[in-house]
Each structure stands twice: as structure tokens, then as C-alpha cells.
Amino acid sequence: MATLEKIRSKSVFLLIVIFVALLAFILGDAITNGRNLFGNRTTVAKVGGEKIDYLDYQRKREELNRRLEEARRANPEQYANFDVQLLPQMALNQLISEQLLNKAVDELGIKASPEMLRSYLLQNPQPSQEQMAIVQQLAALNVNVTSMEQAHNVIFNPKQNNLTQSQVEPLQKAWLALEADASRQIAQQMYISLLGSTVKANDLDKKALYNDFVETTQLTLAYRPYGQLDEKKYPVSDADLRKAYEEEKGNFKVEEPTKDINFIAVNIAPSDADRAASSKLALATAKALRDSNATLTKDLRKEGLAIEKRTLRAADLPAGAIKNYVTTAPKDSVSIVSENFRGFTVVRMGKKTLDVDSVQLNIVQVAGNNLPDAVLARLNAGLSVDSISKAFSADSVMAQKEQWITLYGDNGRTNALPQNQLDSLKNAGGKFIRLMSTPEGSVLAQLAKQTAPIEIYEYDVVDYTLQPSAKTVNDTRAKLQKFLDQNKNAKDFAKNAQKEGYNLQNFQLTQSSNAVPRMQGYNMYYPDSRKVVRWVMIDGKPGEVSKIYESTDAAAPALYVAAVNSEYDEFIPLSNEQVKNYLTDKVRRSKAGDEMMKQYAGKTGSISAIASAMGVEPSQIQQFRFSGRSGVNDPKVAGKIAGSKKDGKVVLVKGDDGVYAYVINGNSKENIPYDDATYEQQFNRLFNTNLELMLRGGEKFENNIYKFEAGE
């Protein structure tokens, strides 16, 4: 809104310019994409009547980007491979939850009490970043506070602290904004607590879970799995499939408009010619380092090669070929220490030295321009660091005794103490010296201790990562394009892909699809594959084949093509390959079960007789629990057994995974005391509350995020 107000305040001429530019953008986009000129062009998503605007989405997206970068800096290894294609949907989910939560809070009229607000802002042992920023601004005004209550008092009682209203007015506005935000957060937390408490185990629920565990059944079981079934012996007709589909149709309901696609991803690997060129480049690099004192020629730099100088302790050398070479090679020698399909590494050995990797300093900070001379003289005359605050004003000096400074870290020499300062400290013979000086003050330091010298290795390294050449990429693209030219519809695309050596994958993409899935750790999606999703959801019609899309990820170059098989917005149809295969298998197993039931029906006189007819050995189960199933994987069969009492009869049951026969030998109950809290926790684990879905309720969800991402 602030942006709109600024626009309104400008001249008429500026408004005309903006209107003309905006109109040109809208018309151009409408012509290019053929979309409705008066549609929801800035609505990223809708849940019922609640809309998510693009500007809000963009702000949330930027916020998550910042948080990801902070997480990467704090835990680089953990987040190095985090797939950024997850961020758009994460941002949208957060906005939807926030908006629905705010609506629910307002409808119930939940408010934070003054006591809650005071506890949240003034008594919280961990102040927010925004609160600490206010404290820092007060410090810039020469007002130091030690608590949020003090900060609040200073801001809203400026005269008592020798401040003017103009000085504190920005801080007052910032604090009031914090109060508004805190009030909203408290109200949200109260609502979430109320919502979560609506799904709670009652006494019957907890007792049922307890009984499922303590009540056990003893039985003898014979089980004949269906195994691999003969398609000719158990044929499945179209009528069989239609009947099975109607019985299970509810399982195939979709929440959003969905398109079934076939997808080809061609991962482009370096060719034999690329690998040969890499080997040649490795030899040229080694020669250049050997002949030119660790410099690269202009031609080698054009290939993207660069030299990195490293200075590392023995313990920090990378394990393997580099460490083996560096620790044994003579000075100025050069070697290709590794070369494979990923590229090569060339090392030029430098010097080996002995150096300390950490030192202990006594440090004294002194304020002012003249006082440092007096403090330095007293220290070197024998004044101890512990006594410095007694000899001089505590406001003018600050001592840090026996501080260890790390000179070498995992990545080499640190910047904690420059070499010239270290040399000065070593040459001072144990006396204090000026380490740094400014008109505002000086830092005095004394070398107290140092670690024993260790070996330090200096070397130059050139790492080259082999990527497919432009020719290889173009040849791969040309081959794929030839396939597309010969298979222009989805049916031919699916029929002939494997013949041409392409791996065909099937996916169901929706409005909420972040990209095309690929489950590999944090890399859940094919890089840059959101462009494929965008084409599928906006332009792709059943039977159509996309153009070739290319990943811009240099570490994983790839080409993508998709073909739309069908689209649906209520239920996945029977024509879907996965649904058809699932139902075909289920019907076939059911027919095999019916035949086996007839075959074994006359053998139920004894469990041993029916087990013999099945060709299996009966097993004794002494503690069958419904909660554990104890060797019975089929839930329907497990439920039937759990509810049975000892009667000596052999029961024959057709399951989904095979035919079961059992006889109940006895029932018992373990002597385990009932604990209410334990089974309440178990209930909560079994019925995990999804607060987001509870907030959404039955509202229709429309997700337009794919229209704002990927760019084409």
C-alpha cells in the first residue's frame, strides 16, 4: 500500500507513463500467451475466498532465500545440495497458512492480553533480532540498556534519559510495530493450541489401543502367497477392471487439476572426444606449471582453468592423491595427481615449512590517544594484566587474558592475526607491543604461549571438472529433436521412446508440482524442470508433445521433453497406466484367491491337512497382537484373527496377498498396567494432526504458482 500511495502522489505525467507501460506489458503478455486479459494476473493462489497476491509471495520467497543462505553459511555441508525448487511451494504454503490463520483468529476474536504481551516482549530471555536492533540503535545514542524493560522505558520516557522526542520517535514506531506483530503471533499460537486440542484421545480410544497391545491370541497359521500369477490362467477383462474401478474410485480422487505425462530426461555426459580433450588439457596444464613457474598460458585460462595457492597443515590436506603427493614431493615438482571421467587435478609443489598453528595472547584495549603510552609502559614495567583495571579507569581499559588465536584452520592460514603482527609479537621478547592504533584508542598485546611448530605445506593446484562440450550437447539435442520430429504425438512418443534408447518415466503433475520429481536426497527434482511443469499446466493438451527444455545447471546438463497423455480434475481415470496396472493385479489376485479357496475348502478338517494341501509348513504364533500383526500382513485377515476366540475350528480366508488358514488355540491378556499418558502419546503418534489441512477445511484450492515461476 505504501508503494501505491507514493505512485498516487506523483505527477499526472508520471501516471500516464506508468499506465502506458503497464498496458503495453499486459497486451504483449496476452498476445504472447493467449491468456485472459482480465484474469487474476497477480493472484498466485486462492483457498476459498482468500487470495495470495504476487507481491506478498515475492516477499516471502525472498525471506526464505535469505534464510536458506544463512543456513548454508551456518551448515554448509548440510544445505549445500538443498533443492531451491522447493522454495516457491514452501513460500506459498506459509502464506496460505498465515492468511487462513489470521482469518480464523479474527473470526473468533482472539486477542493477546496485556500480560501476555508484556511477557512476550519484555520478559523473554531470548529477544528477537528486531528488539536487538532497537538496543543497538539506543547504544548509538550513547544509551546502554541491559533488558528489554529498560529499552522500553528509555524509548517512551526520553526526557528521563536526556533524549529528545525526535531522537526516539523512529524507535517508538519500531516498537509499536513489534507490539502489533507480537499480538498477532500470540493470538495465532493460542488458536493453534485450541485447534490442536480438538483432536484428542478420549478414554475409549486409549483403552482400545491398550487392549490391542495386551490382548494376545495363540494360533496355528498356514499361509500360501499368490506369488507370480499366470496372465493366461487368470485373465482380466475390461468389465472386471471397470467393476474394480467403481469399487475403489474414491481412492483415485485428486485434489487439484492433474495431467498425466510421459517424460524423458537426457543427462548429457562427456563424449569420448571430450575425455580425450581433457587428457590433452591435463598434459598441457602440467607442462605450463613446470615451465613457467606456476602460471597458466592465455590459452589455458580461456579453457576456464585457474590456479589456487594453498597453505595447509598436514592434518588438513585432502585425503587421497593430493596428500600422498604433497607430503612426499620435492619443491617445484609437478604432477597430474588424479585424472578420470570427472576431470583432473594438477599440483605444483611449493615449500615445506615449520610454523606454529596457534598462539596465546594477553590483550589490553585502551581508549584515547595518549593513555595507551602510559598503559604500555606500566605493563612492560611489570604491571600484571589482572591488575590493569585497578591501575587505570575501568572505562578506559579492558583486558583479555590468555586468549588463544588460531593461525591455521581447515582451509589454511586464517586472518585472525596477520603475519607481520605475529612476527612483531615474536620479536618483542615477551613484552607488550602496540598491535593496532587509531585516534580513538589502541590494542596492546603480548605473546604468552605458542604451540610447538608443525609442518606446513604450500602448493599450487589446478582442478578441472570435465563437462560435455558444446558439440556433445548439440549432437545430443539433434538426436532428441530427430526423435521428436518422427514422434509428434503422445502415443508415438510413448511407443517408440525405448526403441531409441530413451528412458520413459510417467508422472502426474498438478498446479502444486514444484518441478518434475527425482528422489535423490535433497535434490528432489530435475534441475530447471519447473519449465516443463509450466508448459504442461498452461499449454499442454492431451496428445501433445513439448519442445526440448534444457537445464542450465552446469554440474548436471540435461535435456527434457514431456508428452501429455490425459488430464483430469476429479478422479484419476481407469485409462491411467498406474491405475490400470494396480487394478489388473488386484483383480488377478482376487481370481487366484477364489480358485484357491475352492481348492482348499474341503481340507479344513485339520490345520495340518490344509497346510499340506497348500504345500507349506504351519507355524505356531504364541503372541499375535492386532497392533503388531505378528506375521500376518493383510490388515483384514489380522482384524478377523484379533476378534476370534478359541473354538478349535479351522478358518480359511482369502486375503489380498494370499490365502490364510488358521485355528485359534487360545486367548490371553498380558499383565501390563494401564498408563493413561502412554496411550495418549500413542494415539497422537497414530493420528498426527495436520493443522494446515484443518485450517483449509473443504475449501477449494487453486494454485497458480507455475505461472509465475520458470519464465517460459
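At what angle do the axes of helix H7 (residues 129-140) and H9 cross, and within what distance do they come? In this predicted model, in which local features need pLDDT of at least 70, side-chain atom pairs count only at pLDDT 80 or more, and totals for chains, interfaces and linings use all residues, the axes of H7 and H9 come within 11 Å and cross at roughly 165°. Residues are numbered from 1 along each chain as its sequence is written, and side-chain values use heavy atoms, with hydrogens and water left out. Axes are lines fitted to C-alpha atoms, for helices over the stretch in contact, and angles run from 0 to 180 degrees between N-to-C directions; helices (H or I, at least four residues) and strands (E, at least two) are DSSP runs numbered from the N terminus.

H7 and H9 are therefore roughly antiparallel to each other, given that angles under 35 degrees count as roughly parallel, over 145 as roughly antiparallel, 65 to 115 as roughly perpendicular and the rest as oblique. The crossing of H7 and H9 is left-handed, a term applied if the near helix is turned anticlockwise from the far one by less than a right angle, whereas clockwise is right-handed. Glu130, Gln131, Ile134, Gln137 and Leu138 of H7 make the contact with Leu171, Ala174, Trp175 and Leu178 of H9, where contact means heavy atoms within 4.5 Å. By class, six residues of the contact of H7 with H9 are nonpolar, two polar and one charged; here Ala, Val, Leu, Ile, Met, Phe, Trp, Tyr, Cys and Pro count as nonpolar, Asp, Glu, Lys and Arg as charged, and the others, Gly among them, as polar.

Helix H9 (residues 165-197) also meets helix H8 (residues 148-156), their axes coming within 9 Å and crossing at roughly 130°, and H8 and H9 are therefore oblique to each other. H8 passes H9 in a left-handed crossing, in which Met148, His152, Val154, Ile155 and Phe156 of H8 touch Val168, Leu171, Gln172, Trp175, Leu176 and Glu179 of H9. The residues of the contact of H8 with H9 comprise eight nonpolar, two polar and one charged. With H5, H9 packs at an angle of about 85°, the axes being 10 Å apart, which makes H5 roughly perpendicular to H9. The contact is made by Glu98, Leu101, Asn102, Ala104, Val105, Asp106 and Leu108 of H5 and by Arg184, Ala187, Gln188, Tyr191 and Ile192 of H9; seven of the residues in the contact of H5 with H9 are nonpolar, two polar and three charged.

Helix H5 (residues 87-108) lies across S1, S2 and S23, running at about 140° to S2, while helix H3 (residues 54-74) lies across S1 and S2 at about 60° to S2. An open sheet of three strands has the order S2-S1-S23 with antiparallel pairing, two strands being paired if DSSP finds at least two bridges between them. Strand S2 (50-53) and strand S23 (701-703) stand at the edges, each with a single partner strand, so one side of each is left without a neighbour in the sheet. From one strand to the next, the twist averages 15°. Strand S1 (residues 43-47) pairs with S23 in the antiparallel sense over three bridges, and Ala45 stands opposite Asn703 in S23.

A further open sheet is formed by four strands in the order S5-S14-S7-S6, again with antiparallel pairing. Its edges are strand S5 (308-313) and strand S6 (334-340), each with a single partner strand, so one side of each is left without a neighbour in the sheet. Neighbouring strands of this sheet are turned by 30° against each other on average, direction ignored. Six bridges pair S6 with strand S7 (residues 343-355) in the antiparallel sense, the bridge partner of Ser338 in S7 being Thr345. Helix H12 (residues 272-291) packs on the sheet, touching S6, S7 and strand S14 (454-465), and its direction makes about 30° with that of S7.

Strand S3 (residues 215-225) is joined to strand S22 (residues 658-669) by eleven bridges, the two running antiparallel, and S3 pairs with strand S20 (residues 619-624) in the antiparallel sense over four bridges. Thr217 stands opposite Asn667 in S22 and opposite Phe624 in S20.

Overall, the secondary structure of the protein comes to 25 helices and 23 strands.
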